[in-house]
Amino acid sequence: MSRRLISTGSPFEKTAGYSRAVIDGDFAFVAGTTGYDYATMSMPADVTSQSRNCFKTIEAALKEGGFEMADIVRVTYYLTDAKDADTHFAVCGEVLGEIRPAATLLVVSALYKPEMKVEIEVTAKRRGI
């Protein structure tokens with residue numbers, strides 16, 4: 001199976017030279033995804049909405065590549081404030097509670113833009129049928 005690039009259509013992907021996701025065989029690698037609402041091109045102020053938007057974008061990229069959220073095997077979370085961890089994890093539990101991928105949380109000093117509170121990246125492996 002050949003390598004396939006998935007895009008959200010964001011001009012930043014071309015400017016920065018990356019894809020939202022890369023599909024390579026039975027693996028999907030989804031780039032760090034921030035909480036933009038691509039329908040309105042806005043960034044909500046709260047970490048709950050940003051986390052939900054991250055997962056919405058990730059799910060769309062996975063579906064476009066022929067994967068499901070249940071295929072996620074690894075997730076890395078980047079938060080700019082440790083105080084947001086419990087709020088963020090509540091959303092993670094809603095979305096990934098039954099999937100339970102291996103996970104890492106990193107608290108970082110900043111993300112690309114100051115309004116960004118969370119970034120999520122995932123790796124998925126297509127399950128055998």
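1. Let's start with the surface. This is a predicted model, and the accessible surface of the chain comes to about 7200 Å². Carbon and sulfur atoms own 53% of that area.

2. On charge, the chain carries 15 positive side chains and 17 negative ones.

3. Now the overall dimensions. The C-alpha trace spans about 40 × 35 × 25 Å along its principal axes. The radius of gyration is 14 Å, which agrees with the value near 14 Å for a compact globule of 129 residues. As for the interior, 40% of the 129 residues count as buried.

4. For the fold, you'll find three helices and six strands. Walk along the sequence and they come in the order β-α-β-β-α-β-α-β-β. Have a look at the contacts too: taking those in the chain with a separation of 6 or more, 71% are between residues 24 or more positions apart.

5. You'll find P114 in the loop that links β5 (102-107) to β6 (118-125). Is P114 buried or exposed? P114 has a relative accessible area of 80%, and the cut-off for exposed is over 50%, so P114 counts as exposed.

6. While you're at P114, check where Q50 is. The two residues are 64 residues apart along the chain, and their C-alpha atoms are separated by 13 Å.

Definitions and conventions. Residues numbered from 1 in each chain as written. Predicted model: local features only at pLDDT ≥ 70, side-chain atom pairs only at ≥ 80, totals over all residues. Heavy atoms only, no water. Helix = DSSP H or I, 4+ residues; strand = E, 2+ residues; numbered from the N terminus. Rg over C-alpha atoms; globule rule 2.2 N^0.38 Å. Buried < 20%, exposed > 50% of the residue type's maximum accessible area, 1.4 Å probe, protein only. Contact = heavy atoms within 4.5 Å. Areas by Shrake-Rupley, 256 points an atom, 1.4 Å probe, with all protein chains shown as cover. Lys, Arg positive; Asp, Glu negative; His and termini not counted. Charge placed at Lys NZ, Arg CZ, Asp CG, Glu CD.
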